[in-house]
Amino acid sequence: MATRVKTRVIDVKLINFNSQNPVSTIVDLDKEKFGNIDHKENGPKYLKFYTSIAGEDSPTIIDLPGNYIGEPSKSYRYDWIFGISCIHDKEKNIFWDWKSKLSDNSAIKLQLIFEPESKSGMAEETDIFINVLSANLLCLNPSKSTGSWFEKNRENIGNSLNSLSNSAKDYSKIASDVLSTANMLTNFIASDDNGKNWYLYKFLDQDKNTFAIEWHINKKVLDQYGPMLQGSLVVTFHGSTDQAQKLKLHIRPGLSFDEKHDMCYVSPYNSPIQEHYIEIAPK
């Protein structure tokens, strides 16, 4: 077993980015021709995208557990990272305030798509069942937001540790577990903290004929935690082991600049030739 990682950094050209018919393409800036129209309000815009996806490439297939959780050692974590940056090139003069143009709600849509492929190449013939145990959005703390779990419970944690220190029992292991748990929880961005930050959505991908998981992330998350976002998914795999089955786990990010049309996103990954994925072979 091994962790598979695929990372990609691309320069993206956006045309009509805030319309119902935006166009985004991957470009080579050294070959791109920049005219005066590029610097006008409605002219082409340029961004740099960073996408990365990581996870186990040979997970174990297990029976479907009755307790909904199963054996933790047979659960597998898959993480994604998506970063956005303006292109700081003074000579090309293509810097722009892209974040101010994003929609307030669901500014970023990040999809993970499990595409099954059987030995015959027909996705509908596979019998792999993917059970999603949890999905989260991660961060580093302290952030500009003051609403983390640790900050809200700092006093209670301190009182608990003081109580343990006054007891006759060896509390070092318990104290360590408490602090480890507190530290872990501060790395999770709350979905709702005096207003919605993000939410999850499951849907059927029409191109791949399979299910996908979608993070909808509001612009306030970027203001609080920065434009390099990380999400995490924990799953188990179920089905038959007598078939040579493989999966592709795709990452597909999109940006929304049109608040009125919540299905309108800009993404160069909508093209099949720009797919970004890791291969998984459950056993």
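His250 is part of strand β10, which spans residues 246–255. Strands here are DSSP runs of E with at least two residues, while helices are runs of H or I with at least four residues, and both are numbered from the N terminus. The model is predicted: local features need pLDDT of at least 70, side-chain atom pairs count only at pLDDT 80 or more, and totals for chains, interfaces and linings use all residues. Residues are numbered from 1 along each chain as its sequence is written, and side-chain values use heavy atoms, with hydrogens and water left out.

**Around His250**

His250 is buried, at a relative accessible area of 4%. Buried means under 20% relative accessible area, exposed means over 50%, and partly exposed lies in between (1.4 Å probe, protein chains only). The side chain of His250 makes a polar contact of 2.6 Å with the side chain of Glu115. Such a contact is a pair of N or O atoms within 3.5 Å; within protein, one must be able to donate a hydrogen and the other to accept it, and residues adjacent in sequence count only if both atoms are side-chain atoms. Beyond four places in sequence, His250 touches Ile53, Gln111, Leu112, Ile113, Glu115, Lys208, Glu275, His276 and Tyr277. Contact means heavy atoms within 4.5 Å.

**The five-stranded sheet**

β10 belongs to an open sheet of five strands, ordered β7-β8-β5-β10-β11, with antiparallel pairing. The edges are β7 (198–205) and β11 (277–280); each has a single partner strand, so one side of each lacks a neighbour in the sheet. Neighbouring strands are turned by 20 degrees against each other on average, direction ignored. For such angles, axes are lines fitted to C-alpha atoms, for helices over the stretch in contact, and angles run from 0 to 180 degrees between N-to-C directions. Two strands pair if DSSP finds at least two bridges between them. Strand β5 (residues 108–117) runs antiparallel to β8 (residues 210–217), and six bridges join them. Ile108 has Ile217 of β8 as its bridge partner.

**The six-stranded sheet**

Another open sheet has six strands in the order β2-β1-β3-β4-β9-β6, again with antiparallel pairing. β2 and β6 (129–138) stand at its edges with a single partner strand each, so one side of each is without a neighbour in the sheet. Nine bridges link β3 (residues 45–56) with the antiparallel β4 (residues 76–86). Ala54 stands opposite Asp79 of β4.

**Nonpolar cores**

A nonpolar core is a set of buried Ala, Val, Leu, Ile, Met, Phe, Trp, Tyr and Cys residues joined through side-chain atoms within 4.5 Å. The largest has 47 residues; Trp80, Ile84, Leu112, Trp215, Ile217, Phe237 and Leu255 touch the most other members. β4 gives the most to this core, with six residues. Leu112 contacts, among others beyond four places in sequence, Ile53, Trp80, Trp215, Leu249 and His250. A second, separate core has five residues, including Leu29, Tyr46, Ile87 and Ile94.

**Loops and cysteines**

Ser19 sits in the loop between β1 (3–15) and β2 (23–27). The side chain of Ser19 reaches the backbone oxygen of Asn16 at 2.8 Å. A polar atom of that Ser19 side chain also lies 3.2 Å from the backbone nitrogen of Asn21. The C-alpha atoms of Ser19 and Lys260 are 9.8 Å apart, although 241 residues separate the two along the chain.

Asn16 lies in the loop between β1 and β2. Asn16 is not a glycine, yet has a positive phi of about 55 degrees. Asn209, in the loop between β7 and β8, also has a positive phi, near 55 degrees.

| Residue | Relative accessibility | Class |
|---|---|---|
| Ser19 | 24% | partly exposed |
| Asn16 | 40% | partly exposed |
| Asn209 | 58% | exposed |
| Cys139 | 11% | buried |
| Cys264 | 11% | buried |

A disulfide is counted when a pair of cysteine sulfur atoms lies within 2.5 Å. By this rule the model has zero disulfides.
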